[in-house]
Amino acid sequence: MSMMISENDLEQLAEIELQRDEEEQEEEQPAARTRNDAITDTSHPYYDVARHGILQVTGDDNYGRKLIIFSSCCMPPSHQLNHRRLLEYLKYTLDQYVESDYTVVYFHYGLRSSNKPSLRWLRDAYKEFDRKYKKNLKALYVVHPTNFIKIIWNIFKPLISHKFGKKLTYVNYLAELRDHLDYDQLIVPPDVKRHDEKLRASQKGGPPPSIRVPPPRPPLPTQQFGVSLQYIRDKNNGVLIPTVVSQTVSYLQQKGLHTEGIFRRSARVQLIKDIKKLYNLGKPVNFDEYGDVHVPAVILKTFLRELPEPLLTFALYDQILDITRVESCLRVSTCKGIVESLAEPNYIVLKYLVCFLNMVSQKSIDNKMSSSNLACVFGVNLARPPQGSVSLSALTPLNIFTELLVEHYHTVFGCRHPASQVLP
């Protein structure tokens, strides 16, 4: 005869499991808590929470969706963190991205009795994250789950819809994330990496799965994705606008300018892989066959994201981030100066792209994609640091800079007219 387990019993079980997790983690505990790319700007409205680096936002996953990362190991003891403020900070951050499809990665390692929020807080949080937040959350990856997570899930089952439940994926090892997102863009706390290594080393039945990927094959002569602009020019008779860019822009110009949320939706990963393969093999792509205007939009973002060096180059990254230090009245001219310092091939492609994005923003009454919204989508695809990913603290200046490009296109690009420039 099966016994009904009360919620109180489940809560007690959860606490016992968490204590067990802590005992296992004792030997792994670092001397100091990880602070991972934490926000250092004291004027940030949630600096008291943001400074811990609990939350990060980075580039897109393999489906073209923004990545939000929550790291439990960065949470300080509960008496040092106002959990109500944490909830407000989560909403403040998500509010910038929930109109687009997005993915959440939750690193569970490092949650302890001393820093965990109460179950009541979790319940309140779930209720406050209404349909606006849940609708466009396309996947939730829980990394290094323990029995504690599974018990919590049972406690919350009555609240959680079947549809939301299907978005959850348990990930036992970091290597498994490679199937779902660009692992190299992921901001993983060092404590989590160490814990993962320990788990893999103790795995029974053979050596741990390797987190390294095999060396890449040499690119095809017709390759478009994952190769430099220089490579594409050299292999395509000096063409200045890569085929992927010209074809997606041309198609969207004709059929996507009035589509609400253009560039905010994702597409089926296998479909994107298939189209990338066609381009890389030099075969024709007909976007009409797919019946979805969001497909070419995702392909364009993917092309930009996979450039070995971003369009705005590694060399300009720090100058771009400094835009917030510039007085508002001087920002457009500063932006213009930075862009004009680009080598001609990058300048020509950037001008072509931003000219098109300016057209998209002109139709924002229909498509709801203002220059600000476009900046949120394209900023991380146009610039990134040479090492690691764009940190949460870098997003604001990056988005401001990109918004200036789009909003003031005619001023920023108005003085430099390369003889070989083409525009959409």
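Mentor: The accessible surface of the protein chain comes to about 20,300 Å², and 51% of that surface belongs to carbon and sulfur atoms. Keep in mind that this is a predicted model.

Trainee: What makes up the secondary structure of the protein chain?

Mentor: The protein chain has 19 helices and five strands. Of its 424 residues, 53% count as buried. Among contacts with a separation of 6 or more, 78% are accounted for by residues 24 or more positions apart.

Trainee: Why is Ser72 called buried?

Mentor: Buried means under 20% relative accessible area. Ser72 has 0% relative accessibility, so Ser72 counts as buried.

Trainee: Where is Ser72 placed, and which residues is Ser72 in contact with, leaving aside its neighbours within four places in sequence?

Mentor: Ser72 is in the loop between strand S2 (66-71) and helix H3 (83-94). With those neighbours left aside, the contacts of Ser72 are Tyr106, Phe107, His108, Tyr109, Gly110, Leu111 and Asn115.

Trainee: Phe107 is in that list. Is Phe107 buried or exposed, and why?

Mentor: The cut-off for buried is under 20%. Phe107 is at 0% relative accessibility, so Phe107 counts as buried. Phe107 lies in strand S3 (residues 102-107).

Trainee: Which residues is Phe107 in contact with, beyond its neighbours within four places in sequence?

Mentor: Ile69, Phe70, Ser71, Ser72, Val143, Leu174, Leu177, Leu186, Ile187, Val188, Pro189 and Val192. Phe107 and Val192 are 85 residues apart along the chain, and their C-alpha atoms are separated by 7.4 Å.

Trainee: Why is helix H17 (residues 371-382) called largely enclosed by the rest of the structure?

Mentor: Of the 12 residues of H17, 11 are buried, so H17 is largely enclosed by the rest of the structure. The buried residues are Ser371, Asn373, Leu374, Ala375, Cys376, Val377, Phe378, Gly379, Val380, Asn381 and Leu382.

Trainee: What do the buried residues of H17 pack against?

Mentor: They pack against strand S1 (55-60), S2, H12, helix H15 (344-362) and helix H18 (392-407).

Trainee: Why are H15 and H17 called roughly antiparallel?

Mentor: The axes of H15 and H17 come within 10 Å and cross at roughly 155°. Angles over 145 degrees count as roughly antiparallel, and H15 and H17 are therefore roughly antiparallel to each other. H15 passes H17 in a right-handed crossing.

Trainee: Which residues meet where H15 and H17 are in contact?

Mentor: Leu350, Leu353, Leu357, Val360 and Ser361 in H15 meet Ser371, Leu374, Phe378 and Leu382 in H17. By class, that contact has seven nonpolar, two polar and no charged residues.

Trainee: How do you know what to call the arrangement of H11 and H12?

Mentor: Start with the angle. The axes of helix H11 (residues 269-280) and helix H12 (residues 294-305) come within 11 Å and cross at roughly 65°. The range 65 to 115 degrees counts as roughly perpendicular, and H11 and H12 are therefore roughly perpendicular to each other. The crossing of H11 past H12 is right-handed.

Trainee: Which residues of H11 and H12 meet?

Mentor: From H11, Leu271, Ile272, Ile275, Lys276 and Tyr279 meet Val295, Val298, Ile299 and Thr302 in H12. The contact of H11 with H12 has seven nonpolar, one polar and one charged residues.

Conventions
Residues are numbered from 1 along each chain as its sequence is written. This is a predicted model: local features need pLDDT of at least 70, side-chain atom pairs count only at pLDDT 80 or more; totals for chains, interfaces and linings use all residues. Side-chain values use heavy atoms; hydrogens and water are left out. Axes are lines fitted to C-alpha atoms, for helices over the stretch in contact, and angles run from 0 to 180 degrees between N-to-C directions. Helices (H or I, at least four residues) and strands (E, at least two) are DSSP runs, numbered from the N terminus. Angles under 35 degrees count as roughly parallel, over 145 as roughly antiparallel, 65 to 115 as roughly perpendicular and the rest as oblique. A crossing is left-handed if the near helix is turned anticlockwise from the far one by less than a right angle, and right-handed if clockwise. Contact means heavy atoms within 4.5 Å. Ala, Val, Leu, Ile, Met, Phe, Trp, Tyr, Cys and Pro count as nonpolar, Asp, Glu, Lys and Arg as charged, and the others, Gly among them, as polar. Buried means under 20% relative accessible area, exposed over 50%, partly exposed in between (1.4 Å probe, protein chains only). Accessible areas come from the Shrake-Rupley method with a 1.4 Å probe; for residues, only the protein chains shown count as cover.
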